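Work through the exercises below with the model open beside you. Try each task before you read its solution.

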Amino acid sequence: MPSQTRVVIPKHRLLRRTLYGLLVAAPLLPLGLACGSGEDCGSGYGSLSGGTVPLNPDGTVPSEVSCAKCPKQSDDRVLLLRCEGSKSETAGRADITCRYLTCMNDGRRPEGLRDALASQSGDALGALFAHAAWLEAASVPAFLRLADELKAHGAPESLVKAARRSAGDEVRHTRAMQALAQRHGATMPDVDLPPFESRSLEEMILENAVEGCVRETFGAFVAGWQSRTAQDTEVRGTLRTIARDEVRHAELAWAVDAWAQEKLTPAQRQRLLQARQDALRILGDEVEAQRLPEELIREAGMPSRDQARTLFQGLSTLVA
Ligand SMILES: [Fe+2]
Ligand SMILES: [Fe+2]
């Protein structure tokens with residue numbers, strides 16, 4: 001982009017200082033597994049029954065089982081990671097266990113985004129990257145809508161342009177995550193999104209508070225963490241680029257928030273504050289419930305629960 005048309009959103013100094021302070025705590029490579037206390041560095045994560053299937057003719061458990069009967073989760077932040085078979089107490093059958101993971105490193109989700117079907121192929125890393133690619137792809141219309149709405153509400157051109165540029169960033173992030181997913185044999189699910197309807201400034205800014213100031217800012221922290229701790233060098237390189245962009249997206253969210261504050265009534269500002277606090281509480285609950293498989297911590301650099309707590313505390317200070 002030529003320098004005269006470059007979009008410049010002022011740096012959010014507290015956000016950057018908080019992030020860099022947190023990243024200093026990231027283990028310096030190559031120090032091995034990036035676990036905190038170790039108690040959350042196992043294979044424990046949410047699981048539900050996905051029914052049973054017949055055993056192989058030789059009485060062994062099928063090495064690959066379908067996830068088709070896994071219970072659907074009402075929260076679309078919950079990712080169906082993989083399905084495993086084990087011998088059932090019922091003669092001739094194998095139990096299917098569906099493994100779930102709550103995604104903490106998600107970006108700006110558009111309103112109405114419908115659940116995606118989990119990739120039936122690939123390993124846990126593939127499922128993680130395919131889900132991340134899907135979220136990146138879903139962020140593209142979210143930013144395009146934000147740009148249109150900012151323009152409609154008379155926001156400064158710098159904010160409108162930054163939102164459009166962010167949509168372009170998310171296209172590149174989608175491709176990069178798709179490439180990582182494909183390396184692990186997984187494919188990105190389709191993004192299923194109903195048409196957007198026009199909404200008020202308050203509705204737009206409430207979404208920005210939740211998806212931008214809380215979720216995307218935390219996503220920037222997690223991406224930064226991954227770029228420092230992933231043992232897979234390709235993941236580190238990809239996340240380094242993404243993390244830089246995500247910091248700018250978080251700064252855009254806070255800049256939009258600051259611009260809109262002046263246009264809101266005291267009652268609207270109070271609701272905005274409440275929405276941000278509610279989003280923070282929900283995210284905190286997700287962090288507490290999280291137990292990641294070791295391979296996602298080691299290879300993808302996902303923060304362990306202890307590490308995610310530290311990142312979350314940084315975010316809480318920032319949001320407060
Ligand atoms: Fe992104
Ligand atoms: Fe983003």
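Buried means under 20% relative accessible area, exposed means over 50%, and partly exposed lies in between. Keep in mind that this is a predicted model.

**Exercise 1.** Find the salt bridge between Arg145 and Glu111, and classify how accessible each partner is.

Solution. 
- Start with the contact: the two side chains meet at 2.8 Å, N to O.
- Arg145 sits in helix α2 and Glu111 in the loop between β3 (93-102) and α2, so the bridge ties together parts 34 residues apart in sequence.
- Now apply the cut-offs. Arg145 has a relative accessible area of 8%, so Arg145 is buried.
- Glu111 has 46% relative accessibility, so Glu111 counts as partly exposed.

**Exercise 2.** Describe the salt bridge of Glu251 and Arg16.

Solution. 
- The closest N and O atoms are 2.6 Å apart.
- Glu251 belongs to helix α5 (residues 233-261) and Arg16 to helix α1 (residues 13-24), 235 residues apart.
- Glu251 is buried at 3% relative accessibility.
- Arg16 is buried at 17%.

**Exercise 3.** Which residues coordinate the iron ion (ligand 1), and why is the arrangement irregular?

Solution. 
- List the donors: Glu136 (OE), Glu170 (OE), His173 (ND1) and Glu246 (OE), at 1.9 to 2.3 Å.
- Check the angles. The four donor atoms subtend 80 to 147°. Tetrahedral would need all angles between 85 and 135 degrees. The arrangement is therefore irregular.
- Look for a neighbouring metal: Glu170 bridges this ion and the iron ion (ligand 2), 3.4 Å apart.

Terms used
Residues numbered from 1 in each chain as written. Chains lettered and ligands numbered in written order. Predicted model: local features only at pLDDT ≥ 70, side-chain atom pairs only at ≥ 80, totals over all residues. Heavy atoms only, no water. Donors = N, O, S within 2.8 Å, 3.2 Å for Na, K, Ca; no water. Tetrahedral: all angles 85-135°; square planar, octahedral: opposite > 155°, others 65-115°. Salt bridge = Lys/Arg side-chain N within 4 Å of Asp/Glu carboxyl O. Helix = DSSP H or I, 4+ residues; strand = E, 2+ residues; numbered from the N terminus. Buried < 20%, exposed > 50% of the residue type's maximum accessible area, 1.4 Å probe, protein only.
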